[in-house]
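Here's a quick briefing for anyone meeting this structure for the first time. Have a look at the picture, then read on.

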Amino acid sequence: MSERNTAIRSLHDLGLAAWFGGSLMGAIGLNGAAKAEGGTEAAEDRISSSGWAKWVPVNAAAIGAHLFGGGGLLAANAHRVATQQGVAASTTAKTVVTAAALAATAYARVLGKKIELASSSDPQDAEKAQKHPIDLHKARRQLAYAQWAVPALTGGLVVLNALHGEQQRPTEQIPGMWERARSVTHLCV
C-alpha cells in the first residue's frame with residue numbers, strides 16, 4: 001500500500017472537523033440564539049430543534065466520512081498498531097472516545113427529537129408526544145449536557161489525532177518499533 005493516504009485521511013479529518021465544529025457552534029451559537037430570541041421555553045425549543053434538525057443530515061455525513069476514513073487509516077497503519085510501542089494504546093483510546101462521542105450524539109438526537117415533539121404546535125406532533133410523555137425540564141437539562149459532551153469528546157479526538165500524527169514521524173516509529181520488539185522478546189524469554 002502507498003505511504004500516502006490523502007483521500008482517507010481527508011475524509012477522516014474533514015468529517016471530524018465538521019462533527020466537532022458543528023456541535024460546538026450548535027451548543028454555543030444555535031442554542032444561544034434560540035435562548036436570546038425565543039421569548040418562551042417552548043419557542044426556544046422550537047427554534048433550537050429546527051436548527052438542530054437541519055444539521056442532522058450534514059452531521060450524519062460528517063460522522064460517516066470520519067468513520068470511513070478512520071477505518072481506512074487503521075487498515076493502512078495496521079502494521080504500526082501491531083509493532084510500534086504506544087500506537088495500539090492510542091488507537092484503543094481513540095476508539096473508546098469515538099464510541100462515547102457517537103453515543104452522546106445519538107442520545108442528544110433522541111432527547112432533541114422528544115423535546116421537538118413536546119414543544120411543537122403541530123397537533124400530530126402533540127399526539128406523538130402524548131404517547132411518550134417526558135419531563136421537559138429534565139430532558140432540557142440532559143440535552144444541554146449531551147450537546148456539550150459532543151464537542152468535548154470530539155475535541156479529545158482532535159488531540160488524539162494529533163498524537164497519532166506525532167507517532168508517525170520517523171523519529172518516533174523506529175524507537176517505538178524497537179521498544180515493542182524488545183518487550184515481546186522479554187516476554188518470550
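One definition first: a residue is buried when its relative accessible area is under 20%, exposed when that area is over 50%, and partly exposed in between. With 34% relative accessibility, Lys-113 therefore lands in the partly exposed group. Bear in mind that you're looking at a predicted model.

**Overall build**

- The protein chain has seven helices and zero strands.
- Walk along the sequence and you get the pattern α-α-α-α-α-α-α.
- The C-alpha trace spans about 70 × 35 × 25 Å along the principal axes of the protein chain.
- How does the radius of gyration stand against that of a compact globule of 189 residues? The protein chain comes out at 21 Å, whereas such a globule would be near 16 Å.

- Of the chain's 189 residues, 33% count as buried.
- The protein chain has an accessible surface of about 11,100 Å², and carbon and sulfur atoms make up 66% of that.
- Take the contacts in the protein chain with a separation of 6 or more: 82% of them are between residues 24 or more positions apart.

**Salt bridges in helix 4**

- The structure holds four salt bridges in total, and Glu-116 is a partner in the one with Lys-113, at 3.4 Å from N to O.
- Where do Lys-113 and Glu-116 sit relative to each other? Both are in helix 4 (residues 87-119), three residues apart, so about one helical turn separates them.
- Glu-116 also forms a salt bridge with Arg-109, where the closest N and O atoms are 4.0 Å apart.
- Arg-109 is partly exposed, its relative accessible area being 30%.

**A link between helices 2 and 6**

- Arg-140 pairs with Glu-41 in a salt bridge, and their closest N and O atoms are 3.1 Å apart.
- Why does this pair tie together parts that are 99 residues apart in sequence? Because Arg-140 belongs to helix 6 (residues 136-167), while Glu-41 belongs to helix 2 (residues 41-76).
- Both partners are partly exposed: Arg-140 has a relative accessible area of 21%, and Glu-41 has one of 46%.

- Ser-90 is in helix 4. Is Ser-90 buried or exposed? Ser-90 is buried, with a relative accessible area of 5%.
- Leaving out residues up to four places away in sequence, Ser-90 touches Leu-163, His-164 and Gln-167.
- Glu-166 is found in helix 6 and is partly exposed, with a relative accessible area of 41%.
- Glu-166 and Val-56 are 110 residues apart along the chain, and 33 Å separates their C-alpha atoms.

Conventions: Residues numbered from 1 in each chain as written. Predicted model: local features only at pLDDT ≥ 70, side-chain atom pairs only at ≥ 80, totals over all residues. Heavy atoms only, no water. Helix = DSSP H or I, 4+ residues; strand = E, 2+ residues; numbered from the N terminus. Rg over C-alpha atoms; globule rule 2.2 N^0.38 Å. Buried < 20%, exposed > 50% of the residue type's maximum accessible area, 1.4 Å probe, protein only. Contact = heavy atoms within 4.5 Å. Areas by Shrake-Rupley, 256 points an atom, 1.4 Å probe, with all protein chains shown as cover. Salt bridge = Lys/Arg side-chain N within 4 Å of Asp/Glu carboxyl O.
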